[in-house]
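Please keep the sequence and the structure at hand while reading.

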Amino acid sequence: MIEAVAERLEGAPRQFRRRWSDEFKERAVAEAMEPGASVSAIAHRIGIHPSQLFGWRRDARAGPGRSSLPAAVEAEIGSVCARAVIEVVIGDVVVRAGADADKAHLRRVIQAVRSA
């Protein structure tokens, strides 16, 4: 017969959740928001799980008031998005426009390049 005594049972050592500073999150999310950045590669390089960085980035994109990230991170996200560039290659011509470019104006530019 096996007897179990509560005082003798040992479990796995208790692991505490790591807490990341706002500055760490800010730098990681800003880097992950750069055009062409690989979120998984950044996460592995800085020693966190990619899903964690994807979550921080998703929270930052959710907008003010709905994000669990600090306001400084949200402001940085806005500036990174403002610097985002759209590139359209038509033959030998490359048209670059900010991500916030007016769609009608961009359409006129593309049509002008095609007809030239």
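Val109 is found in helix H5, which covers residues 103–115; here helices (H or I, at least four residues) and strands (E, at least two) are DSSP runs, numbered from the N terminus. This is a predicted model, in which local features need pLDDT of at least 70 and side-chain atom pairs count only at pLDDT 80 or more, while totals for chains, interfaces and linings use all residues. Residues are numbered from 1 along each chain as its sequence is written, and side-chain values use heavy atoms, with hydrogens and water left out.

Val109 counts as partly exposed because its relative accessibility is 29%, given that buried means under 20% relative accessible area, exposed over 50%, and partly exposed in between (1.4 Å probe, protein chains only). Ile110, also placed in helix H5, counts as buried because its relative accessibility is 17%. Leaving aside neighbours within four places in sequence, Ile110 is in contact with Val88 and Ile90, where contact means heavy atoms within 4.5 Å.

## The chain as a whole

The protein chain has five helices and two strands, which follow the pattern α-α-α-α-β-β-α when read along the sequence. Of the 116 residues in the protein chain, 28% are buried. Among the contacts in the protein chain with a separation of 6 or more, 37% are between residues 24 or more positions apart.

## The aromatic cluster

A pair of aromatic rings is described by the distance of the centres and the angle of the planes. Rings of Phe, Tyr and Trp (its six-membered ring) pair if their centres lie within 6.5 Å, and planes under 30 degrees apart count as stacked, over 60 as edge-to-face and the rest as tilted. By this rule the count comes to two aromatic pairs, as set out below.

| Pair | Centre to centre | Angle between planes | Class |
|---|---|---|---|
| Trp20 and Phe24 | 4.7 Å | 20° | stacked |
| Phe24 and Trp56 | 6.1 Å | 90° | edge-to-face |

Phe24 lies in helix H1 (residues 22–32) and Trp56 in helix H3, so the second pair ties together parts that are 32 residues apart in sequence. Ring pairs link Trp20, Phe24 and Trp56 into a cluster.

Trp20 is found in the segment before H1 and, not counting residues up to four places away in sequence, touches Lys25, Ile48, Gln52 and Trp56.

## Helices H2 and H3

The axes of helix H2 (residues 39–46) and helix H3 (residues 50–61) come within 8 Å and cross at roughly 120°; axes are lines fitted to C-alpha atoms, for helices over the stretch in contact, and angles run from 0 to 180 degrees between N-to-C directions. From H2, the residues Val39, Ser40, Ile42, Ala43 and His44 meet Pro50, Leu53, Phe54 and Arg57 in H3.

The buried residues of H3 are Pro50, Leu53, Gly55, Trp56, Arg57, Asp59 and Ala60. The end C-alpha atoms of H3 are 17 Å apart, which agrees with the 16 Å that its 12 residues should span at 1.5 Å a residue, because the expected span of a helix is 1.5 Å times one less than its number of residues.
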